[in-house]
Amino acid sequence: MKNRIVKSVLAMLNLMLLLFMTAQAEDLAQSIGLEGVGNARELGGYACENGRIVKSGVFLRTAALAGAAEEDIRRLKEDYHLSVVIDLRMTSEVAEAPDPEIDGVRNLHLGIIDEEAMEKKRQSLTAEDMEGIDPNNSLDRLKLAVKMGIIGDQMYINFLSGDQGKASYAQMFKELLELPEGEALLFHCTQGKDRTGCAAMLILSALGVDEETILYDYVLTNTFNAQRIEAEQQMLEGMGVEESEFDLYMTAMDQVDPQYMVNALEWMKDNYGSVLGYITGELGVTEAQIEQLRDKYLEEAVGYADAA
């Protein structure tokens, strides 16, 4: 029964993907209109129960901010009243492409991946594991990440089950509870899709957004990254990548596969009863705080009171 439900959800998502891949990302309601930052959008406007929707202009999700143009920074400060940036990347990623310093905005590094554990995995690789791997070749680095278990369809479960990920996502919720009224919080990783996608899923779940909408938000990455995805597909085809490995490499770059998120959602249901069960049980967010978040970040949809 569960497998049939999962397959029907995936079929629905694939249909939605076909419809929205043809749309222009900047024309979608979720776009926040940044020119130098990829996958830049917000969580506002999504429907919850009782005729309420997520407030617009509060929760911003993006890829890395290093390429932000002056106009992007002005927009974030003046139009969105940004006050907190949560950087979910590893320290090496931060050092390679640091966020711009934005006056009046606090930048908080909350890495999701356990870098110490990853380094131990790297050191345990054998000569056989490294055979044919060129560390300077981008495709070979992806192959190595797959071998180390960093990339794969259980990746989000690893984010959510690891101590580092749990501590960082728990701190994210503390920031949400403390965010002043009228200000915005931006969270991002490198591509704005995996660690960021899990953060968005947790926030929307806490606010009472349904699973179908959460998955819709997740696959929007493929619309916002459509040009990058097309270029990467052509690159892999030119490299002669085997068909059996094609999707894995695409999801390691700028494309998302809904199965990854479905796996994470099913894991939380199996182990905690629901995503909310995970949030309260592992991240330490109380039921009273869940209600506080909903009172703070939800508003009545226009026309709902009249229709009711």
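This is a predicted model: local features need pLDDT of at least 70, side-chain atom pairs count only at pLDDT 80 or more; totals for chains, interfaces and linings use all residues.

I started with the lining of the largest pocket, whose residues divide into 23 nonpolar, nine polar and 13 charged. My classes: Ala, Val, Leu, Ile, Met, Phe, Trp, Tyr, Cys and Pro are nonpolar, Asp, Glu, Lys and Arg charged, and the others, Gly among them, polar. Numbering runs from 1 along each chain as its sequence is written, and side-chain values use heavy atoms, with hydrogens and water left out.

Next I looked up the volume of this pocket, about 1,400 Å³. Volume here is the space filled by probe spheres set on grid points, which are joined across faces, edges and corners. On a 1 Å grid over the protein atoms alone, a pocket is an open set with protein on both sides within 12 Å along at least five of seven lines, a cavity is a set of points where a 1.4 Å probe fits but cannot get out, and lining residues have an atom within 4 Å of a point.

Helices are DSSP runs (H or I, at least four residues), numbered from the N terminus. Those supplying at least two lining residues each include α12 (226–239) and α13.

I then checked α6 (138–147) against α13 (243–252): the axes come within 11 Å and cross at roughly 100 degrees. That makes the two roughly perpendicular (65 to 115 degrees). Axes are lines fitted to C-alpha atoms over the stretch in contact, with angles from 0 to 180 degrees between N-to-C directions. L139, L142, K143 and V146 of α6 meet L248, Y249 and A252 of α13; contact means heavy atoms within 4.5 Å. By class I get six nonpolar, no polar and one charged.

In α13 I found F246, Y249, M250, T251 and A252 buried (under 20% relative accessible area, 1.4 Å probe, protein chains only). The buried residues of α13 pack against α6, α12 and α14 (258–272).

Last, the cavities: I found one of 30 Å³ or more. The largest cavity holds about 30 Å³ of space, and α9 (195–207) gives the largest share of its lining, four residues.

How values were computed: Angles under 35 degrees count as roughly parallel, over 145 as roughly antiparallel, 65 to 115 as roughly perpendicular and the rest as oblique. Buried means under 20% relative accessible area, exposed over 50%, partly exposed in between (1.4 Å probe, protein chains only).
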